Amino acid sequence: MAAAIALGERGRGRTAPNPHVGCLVVKDGAVLGRGWTQPGGRPHAEQVALDAAGPEARGATLYTTLEPCAHQSRRGPTCADLIVKAGIGRVVAALIDPDARTFGGGVRRLREAGIQVKVGTRKREAERSLAGFLARVTLGRPYITLKLAMSLDGKIALPSGESKWITGEDARAHVHLERARADMILVGRGTYLADRPQLDVRLPGLEERSPRRALLTRGAAVDGWTRIGDPDEVFGLADVNDLLVEGGSGAASAFLAADLVDRMLIYRAPVLIGEGKSSVGYIGLDRIADAHHRWRLADTRPLGIDRLEVYERVR
C-alpha cells in the first residue's frame, strides 16, 4: 500500500476534481501492474494497472489507495466492474470513497462478485495523500496549504519592502515542487502589484505542471487569473482539490482569520531582520490561550541553510 500511495502522488495536481489514486496488481510476490490516475482524471489508476497486468491479473491481489468507483460515467467503465471482469481475487483499499455516488458501492459490488475486500490499510497515510480530494468532497472546498518564507524573527521583508531572497535556492526549489503538486496557487493583490509573480514551476522536467493562478482581491480581475474576492469564495472552486496560498501577509492573514488553512509550510532562514514586515497580521485571536493546540508539527527537515517546518491544523 505504501508503494500505491507513492504512485498516486505522481498524479497530484493533475487529476482534479478526480482523486490522484495509486494502484498495484500483485501475485506471488511479483508486481504485475502499476497505475496512477492520469491527467484530467482518466483513465483511473485501477484501469491502468489492470491493463498493464493483462490476463495475469486473474487471481491476483489489487492494492488501491481509494475504494474502486462504482458509479457510471460517460468517460469510462467503473473500476469495480473492471476488477470483477479481470478476475482479481482480493482487493485491499486504504479508504472508502466519500463521494456519495460510490460510498461503499464499490466494495459491495466486489464482495457480491466473491472478491475478498479489506479496507483501512495505511489509512492515515492515504488520508494525508488524498487530503485535497477528501476536503473538496466532505467540506466543499479545497485542502488549503499556506506557504510562508521568513526570518528567524518571523519577518518576510525589510521595512523598505525588500524580500528577495530571504531563503536560499534549496528552499525555493522545494516551493516549486509544492507548486507542481497544487491545482491552483493564490497570492494577494499587494504581492501581485509589488512583484508581478509568475507563480510557475521552474524545475527541470516539471515546467508543464504549473498550476492555475488566483488573485485575492476586491478589485477587478486580471487576465489569466481567477479572481477570489474573499477567502470564503474557495467554497465555489468545484474543480480544485489542492490550493496553495503563497503570499503575502494580507492573504495569509485573511485565510488564517477565516480558519481555512489546513497545512502550513514555514521556510525559516537563519537570518535576523528586526524591524520589518511581519509574516502575518491580525488573525482573530484575542487571547494567548486560544492560540494553543491549533497546530501540530507534522514534519521538519533541513533545506540547505534553511529549515522547513510543516504544521497541520488540529480540527
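**Exercise 1.** Determine which residue forms a salt bridge with Arg294, and where in the chain the two partners lie.

*Solution.* Step 1: In this predicted model, Arg294 forms a salt bridge with Asp259, and their closest N and O atoms are 4.0 Å apart. Step 2: The pair links distant parts of the chain, 35 residues apart. Arg294 belongs to the loop between α10 (288-291) and β14 (295-303), whereas Asp259 belongs to the loop between α9 and β12. Step 3: Arg294 has a relative accessible area of 22% and is partly exposed; Asp259, at 29%, is partly exposed. Step 4: Consider the backbone of Asp259. Just after α9, this residue takes a positive phi of about 55°.

**Exercise 2.** State whether Arg141 and Asp262, which meet in a salt bridge, are buried or exposed.

*Solution.* Step 1: The distance from N to O in this salt bridge is 2.8 Å. Step 3: A residue under 20% relative accessible area counts as buried. Arg141 has 4%, so Arg141 is buried. Asp262 has 6%, so Asp262 is buried.

**Exercise 3.** Explain how Glu127 and Arg124 are placed relative to each other in helix α5.

*Solution.* Step 1: Glu127 and Arg124 form a salt bridge, with 3.8 Å between the closest N and O atoms. Step 2: Both belong to helix α5 (residues 123-129); because they are three residues apart, about one helical turn separates them. Step 3: Glu127 is partly exposed at 27% relative accessibility, and Arg124 is partly exposed at 40%.

**Exercise 4.** Describe the charged side chains of the whole chain, and give the number of salt bridges.

*Solution.* Step 1: The chain carries 46 positive and 38 negative side chains, and the centres of the two sets are 3 Å apart. Step 2: Side chains of opposite charge can pair when their charged atoms come close. Step 3: A search of the whole structure finds 23 salt bridges. Step 4: A network of salt bridges links Glu9, Arg12, Glu178, Arg181, Asp242 and Arg263.

How values were computed
Residues numbered from 1 in each chain as written. Predicted model: local features only at pLDDT ≥ 70, side-chain atom pairs only at ≥ 80, totals over all residues. Heavy atoms only, no water. Lys, Arg positive; Asp, Glu negative; His and termini not counted. Charge placed at Lys NZ, Arg CZ, Asp CG, Glu CD. Helix = DSSP H or I, 4+ residues; strand = E, 2+ residues; numbered from the N terminus. Buried < 20%, exposed > 50% of the residue type's maximum accessible area, 1.4 Å probe, protein only.
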